[in-house]
Amino acid sequence: MALSPQFPLLQRLAARVAQLGWRDSAWLAVARLLATVPGGRCALYRYQFVAQAVAPGSLCRGRGQSIAVTPCVAETDLPPGPERRPGALRERYRQGAQCLVARDKSGMVGWIWLLRHGCQEDEVRARYALASNQSSWDLDVWVHPEQRGGLVFARLWEEANAVLYAQGVRWSCSRISRFNRASLGAHARLGTHALGTATFIRCGRWQWMAASLPPYLHLSRRPDDIPCLAFDTSSLPHYPSLELTCRILKQ
C-alpha cells in the first residue's frame with residue numbers, strides 16, 4: 001500500500017529501506033546521528049569488500065574514445081577534482097599508488113586509484129593486505145556527477161584492467177560503502193565477488209571494528225594500533241577474458 005504524500009518522512013524512510021534494506025538503513029541512521037556530534041569527533045563507516053576479475057579484452061568495444069584515460073604520477077599534476085581529507089592524496093602517493101585520470105573536452109571527468117600491494121584506509125584506522133601476488137587494490141573510483149550513466153566508468157576500468165593485467169594481476173580488490181548503493185550496483189554489473197564486510201565506529205581517539213573476517217573484532221585508541229584485514233583471491237574462479245564482464249555491462 002502506497003504511503004500518503006502527507007507523510008514525506010515516512011515516504012523517505014520507506015524509500016531508504018527499499019534501497020538499502022532494514023539492516024543498512026538502521027546503520028545509516030546511527031551514522032547520521034553520530035555525525036551530529038560537534039567537531040566531527042564521531043563517525044560510523046560500513047564497508048563491503050569485493051574482488052573484480054582482471055583479464056585481457058575491451059569493456060567498451062571501441063566506444064568512448066573521446067574519453068582519454070592517462071596516469072597522473074604526482075599530486076602536483078592532479079587536476080582539480082573531488083574534495084578529499086587533507087593529506088589523503090599525498091598519503092596515497094606515499095604508499096606507491098597510481099592514479100588514472102579520465103578526461104574529455106570539458107576536462108577531468110573521473111579517476112581511479114590503484115595500489116599494487118594492499119592499502120592503508122583513508123577514512124579509518126585499518127590496513128588491507130593481499131595474500132596473493134596476483135591481486136591488487138583499487139580505491140576511490142570517482143565519476144563526475146554529470147557523466148554518471150555514461151562510458152566514463154567503463155573506460156576507467158578498461159584502462160585500469162590493461163595496466164593491472166600487464167603487471168600480472170588477475171584480481172583487483174576494493175572496498176565500497178554499504179550506504180552507496182549506486183557504487184555497489186556499478187561494481188556488481190562488472191561481476192564482482194563479495195569478500196566480506198566491516199563496520200567501524202570512531203568516537204574521539206577510540207575506534208571499534210566488527211568484521212566478517214579476521215581479526216573479526218578490534219578496539220583501539222592509538223593511531224599506531226591498526227587492525228589488518230587480509231584478502232585471499234587464490235580460490236576465486238579464473239576468467240580468461242572480459243567477455244563475461246562485457247555481457248554483464250550490457251544487461
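Q: Which residues line the second largest cavity?
A: The second largest cavity is lined by C119, E121, D122, W137, L139 and R175. A cavity here is a set of points on a 1 Å grid over the protein atoms alone where a 1.4 Å probe fits but cannot get out, and lining residues have an atom within 4 Å of a point. This is a predicted model, where local features need pLDDT of at least 70, side-chain atom pairs count only at pLDDT 80 or more, and totals for chains, interfaces and linings use all residues. Residues are numbered from 1 along each chain as its sequence is written, and side-chain values use heavy atoms, with hydrogens and water left out.

Q: How do the residues of that lining divide?
A: Three are nonpolar, three are charged and no polar ones turn up.

Q: And what volume does the second largest cavity have?
A: About 40 Å³, taken as the space filled by probe spheres set on the points.

Q: How many cavities of 30 Å³ or more are there?
A: The count comes to two.

Q: Switching topic: where is M108, and is M108 buried or exposed?
A: M108 sits in strand β4 (residues 107-115); strands are DSSP runs of E, at least two residues, numbered from the N terminus. M108 counts as buried because its relative accessibility is 12%, with buried meaning under 20%, exposed over 50% and partly exposed in between (1.4 Å probe, protein chains only).

Q: How far apart are M108 and P79 in space?
A: 6.9 Å, C-alpha to C-alpha, though they're 29 residues apart in sequence.

Q: What about W206, which strand is that in?
A: W206 lies in strand β10 (residues 206-211), and at 36% relative accessibility W206 counts as partly exposed.

Note on methods. On a 1 Å grid over the protein atoms alone, a cavity is a set of points where a 1.4 Å probe fits but cannot get out, and a pocket is an open set with protein on both sides within 12 Å along at least five of seven lines; lining residues have an atom within 4 Å of a point. Ala, Val, Leu, Ile, Met, Phe, Trp, Tyr, Cys and Pro count as nonpolar, Asp, Glu, Lys and Arg as charged, and the others, Gly among them, as polar. Helices (H or I, at least four residues) and strands (E, at least two) are DSSP runs, numbered from the N terminus.
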